Amino acid sequence: MKARTAVFQGNRRFFVQEIPVPEVGADGVLIRVDAAGICGSDLHIYHDVPPFPVVLGHEVTGTIVAMGEKANQSMYVYGGPLMVGDRISLYPTVTCGHCRNCMDYGNGAYSVCETPFGYGDWFEYKLAGDYTRSSGVPALTGGFSEYMYIYPGTYLWKVPEDMPVERAALLDPLAVAVRTVELAQRCPGTMENCLDETRTALVIGDGTIGALVAYYLRLLGIGRLVIAGGREKRLKKCTSLAQADLLLNYKTQSLEERSELIGQLTGGRGADVVFQCVGTGRAFMDGLHLMKRIGTLIECGNAMKPSPVEFDPFVDLCAKHATLIGMTVNTPQAFNKAFTVLEDHGKGLESVFTHACGLEELAETMGKSSQSDYMKGIVYPNRK
């Protein structure tokens, strides 16, 4: 059996090839990919050159078509046990569980393991990279393929029959939003508490993560919600998901104008907590300016490439008694929170997908990401 696969060669080029489907080991699982989201990191990687051909796509949901007799013992399954025919979504990193960082921070913690494996990229290719390098044939470890191999040690969630594939494919980005928000949580009553029904949150970014952060904040009962972005169509979609109290446009409004509007909403205080979801240093500095004294800023936008800024530790940190937290480490526990949200409250979240394609149109669809109406793309690998 072979799988039609969009193989990434670098420099915005994908070639649809038929790749042999490997025999399923005793501890492995093979899925037919029902849908795979196009992540913002895929859009960054799209301009790079991998060291060998690779199958991208880590926001994956699919249906089990084959599994080894030990798969239920080798996988971490929420809602198990697994059976052929089950629909699943997955956590995109396999950690070793034995290095010092895994021992200290817990098995499954993304980006802390010393020898990790990541689905859908080439940076953390421990499990399949040797095979790919030696054979020249990409391993089926990404979602932009008709079939995908699931390795032991993977965290999986069984998808209910009534959950649309589009919603199931949102597990990863919603988990990023959940983890971003939970980093701002404090013990109730502490001076630095910034996240309750009396507080004002500012979300900078009208992309998928910004929209989902805003949605989750509203679900948790945040008092007032401000969303700042640069594309009017995306801002409207954000507020349809999260009922924002105030929308800001950093392309048409100066920093001073945005600061004044937030001041009017908050009695001149500024935002209690800022969630910065844009990959520029300027957006980070804007967030510091719009945050009140004894405020918190969670930075999850600048996670892919350097974006240096001039930062004054006195003005930007100490004088404000600010709490600044960077977000790159995610956990299976945050994914499980996100999956619970998808099950209980997720109806309509699939509206963040604005563009859909099959494998042949993947490069064309990714090339549309800068258009005004693009928020997120989804790939249906088995669509003919």
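How do the axes of helix H9 and helix H10 cross, and within what distance do they come? The points below begin with that pair.

1. This is a predicted model, in which local features need pLDDT of at least 70 and side-chain atom pairs count only at pLDDT 80 or more, whereas totals for chains, interfaces and linings use all residues. Residues are numbered from 1 along each chain as its sequence is written, and side-chain values use heavy atoms, with hydrogens and water left out.

2. The axes of helix H9 (residues 255–266) and helix H10 (residues 281–290) come within 10 Å and cross at roughly 40°. Helices here are DSSP runs (H or I, at least four residues), as are strands (E, at least two), and both are numbered from the N terminus; axes are lines fitted to C-alpha atoms, for helices over the stretch in contact, with angles running from 0 to 180 degrees between N-to-C directions. H9 and H10 are therefore oblique to each other, given that angles under 35 degrees count as roughly parallel, over 145 as roughly antiparallel, 65 to 115 as roughly perpendicular and the rest as oblique.

3. On the H9 side, Leu 255, Arg 258, Ser 259 and Ile 262 meet Arg 282, Asp 286, His 289 and Leu 290 of H10, where contact means heavy atoms within 4.5 Å. By class, this contact of H9 with H10 has three nonpolar, two polar and three charged residues (Ala, Val, Leu, Ile, Met, Phe, Trp, Tyr, Cys and Pro count as nonpolar, Asp, Glu, Lys and Arg as charged, and the others, Gly among them, as polar).

4. H10 is mostly covered, with seven of its 10 residues buried (buried means under 20% relative accessible area, exposed over 50% and partly exposed in between, with a 1.4 Å probe and protein chains only). The buried residues of H10 are Gly 281, Ala 283, Phe 284, Asp 286, Gly 287, Leu 288 and Leu 290, and what covers them includes H9, strand S11 (200–204), strand S14 (271–276), S15, helix H11 (313–318) and strand S16 (323–326).

5. Strand S15 (residues 291–299) contains Lys 292, which is buried at a relative accessible area of 10%. Leaving aside neighbours within four places in sequence, Lys 292 is in contact with Arg 269, Gly 270, Ala 271, Asp 272 and Lys 320.

6. H7 passes H8 in a right-handed crossing, and the contact is made by Ala 211, Ala 214, Tyr 215 and Arg 218 of H7 together with Cys 238, Leu 241 and Ala 242 of H8. The residues of this contact of H7 with H8 divide into six nonpolar, no polar and one charged.

7. Ser 74 is found in helix H2 (residues 71–74) and is buried, with a relative accessible area of 17%. The side chain of Ser 74 reaches the backbone oxygen of Asp 27 at 2.7 Å, and, not counting residues up to four places away in sequence, Ser 74 touches Asp 27, Pro 152 and Gly 153.

8. Arg 383 lies in the segment after strand S18 (377–379) and counts as partly exposed at 39% relative accessibility. Not counting residues up to four places away in sequence, Arg 383 touches Ala 356, Cys 357, Gly 358 and Glu 361.

Notes:
Polar contact = N/O pair within 3.5 Å; in protein donor to acceptor, adjacent residues only side chain to side chain. Left-handed = near helix turned anticlockwise from the far one by under 90°.
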